[in-house]
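Reader: I'd like a close look at a single part of this model, with the cut-offs spelled out as you go. Here it is:

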Amino acid sequence: MSDVTPPTGEFDFTQQPVTDQSFENALARARNGERLTVADGVELITTGTDVAGIDRARKELVLEAADRRRAEVVGDEVTFVANLNNNVTTACNTGCLFCNFKDRSEQFRSDYQQAHGGFTKTPSESREIVDDALDRGIYEVCSVSGLHPALALDDEHVEILEGSERGDLNYRPASAYDTDPGTYCEQIRAMDVGGVHVHSMTPEEAYHARRGTDRSYEEVFGRLKAAGLDSVPGTAAEILVDEVRDVICPGKIDSAEWLEAMEAAADVGLGTTATIMYGHVENARHRVEHLRKVRALQDHTGAITEFVPLSFVHEETPLYDRGMVDGGASDDEDELMIAVSRLFLDNVEHIQSSWVKYGDAGGLKMLTCGADDFMGTILSEEITKRAGGDYGEFRSVREYADMITAIGRTPVERSTDYEQRRVVDPDADVVGPTLGPRADGTPLLQ
Ligand code: SF4
């Protein structure tokens, strides 16, 4: 881990981007494909620190360099995966200040009388949902959930938690709740149906799956892999600088532990992704320091298939409601985040443009700033239930083909690990996924 932790300690929260290296030098190094320093990255992401705000002309130069690098590394193809989101539960007591997904777990208890908007699924419900989506043609199920107090790794872990005298383990038996989520291993086994790719268990969930034990992350991920887990989403990373985490997610694991869990996942042979959630209380140096840690992790593991910048959505979050932030990142900042990720992460092949965060127009724009992956269809149970109605957060293969072709690039359906790829013909009458175990080229939704 020594090469992953910062050589000079963490940064003061108040530290502003300060560097005496010129923007031009940093840009020249980026254009030459040299490995960038944190100071270079700060120059590029701020377009030079001697100018207030973003310098538009300089920004274009950074975007251009990143777009050229993208073309050299991965060519003109824009990929996407046919996937389903199956989140098991919204019950979570961790209290991250940027999150509007969770519901306090008390509301899920059998003795709680009032209605609430949250949900928990049993393993058999998860199986049914994945099985149905598999028939529709998905390749992958992605599952990221709240840290429900009843969730444990497996029956052995339940026993350990039941027998513990400690009151700080965020544990309560499943019998106390309306719906039993089962164990993590049961959920993974349930979702591992018919050859689907199971993408689940963030480092934070892995921590929850070992709380109160002396099990290593290797052991936890090893058991999950045996249950059917195929790869691990590198979410819950937020900003990998502890002075920022202490403000936005004090209940979460720290940066070193996040990195330790990711290394362990890679060590047991699981593919991973990595993310950054930016545009809240952090500064430019924090963003670039985050990139440095991800790059060091990738030097170490080689397991990261894609890097996903996630622009903070401030509405309805405690950070915004409490006046701790005024809003999220600007469009200029979003574009520079994508571009500098492409230029700084010289060892990660794919940079993702998240249309859920940037919207359609913004998402397409990011594909000209260094990104080459356009996320997934994110089918969900709610959407399949009302197929043909309001799609909400769903993108069909047809829409992918049309949007990607419109910007002069080649639409390609991919597997989670990018190993299987299929060019989509935008002129075909019927356009649907073909890589999933039961996919036959018909659309996911009719
Ligand atoms: S752990 Fe996840 S679900 Fe829970 S509050 Fe934090 S971000 Fe939200």
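In what order do the 4 strands of the open sheet lie, and is the pairing parallel, antiparallel or mixed?

Author: Quick housekeeping before we dig in. This is a predicted model, where local features need pLDDT of at least 70 and side-chain atom pairs count only at pLDDT 80 or more, while totals for chains, interfaces and linings use all residues. Residues are numbered from 1 along each chain as its sequence is written, and side-chain values use heavy atoms, with hydrogens and water left out.

Now the sheet: the order is β9-β1-β11-β12, it is open, and the pairing is mixed. The two edge places go to β9 (373-376) and β12 (421-423); each has a single partner strand, so one side of each has no neighbour in the sheet. From one strand to the next, the twist averages 25° (the axes are lines fitted to C-alpha atoms, for helices over the stretch in contact, and angles run from 0 to 180 degrees between N-to-C directions). Strands here are DSSP runs of E with at least two residues, helices are runs of H or I with at least four, and both are numbered from the N terminus. Two strands pair if DSSP finds at least two bridges between them.

Let's walk across. β9 and β1 run parallel, joined by 2 bridges, with Thr79 opposite Asp373 in β9. On to β11: β1 pairs with β11 in the parallel sense too, over 4 bridges, and Glu77 has Thr410 as its bridge partner in β11. The antiparallel part comes next, where 3 bridges join β11 (residues 410-414) to β12. There, Val412 faces Val423 in β12.

How covered is β1? Mostly: 4 of its 5 residues are buried. Buried means under 20% relative accessible area, exposed over 50%, and partly exposed in between, with a 1.4 Å probe and protein chains only.

As a rule, an α-helix has 3.6 residues a turn, so residues three or four places apart point the same way. Just after α16, Gly408 takes a positive phi of about 80°.
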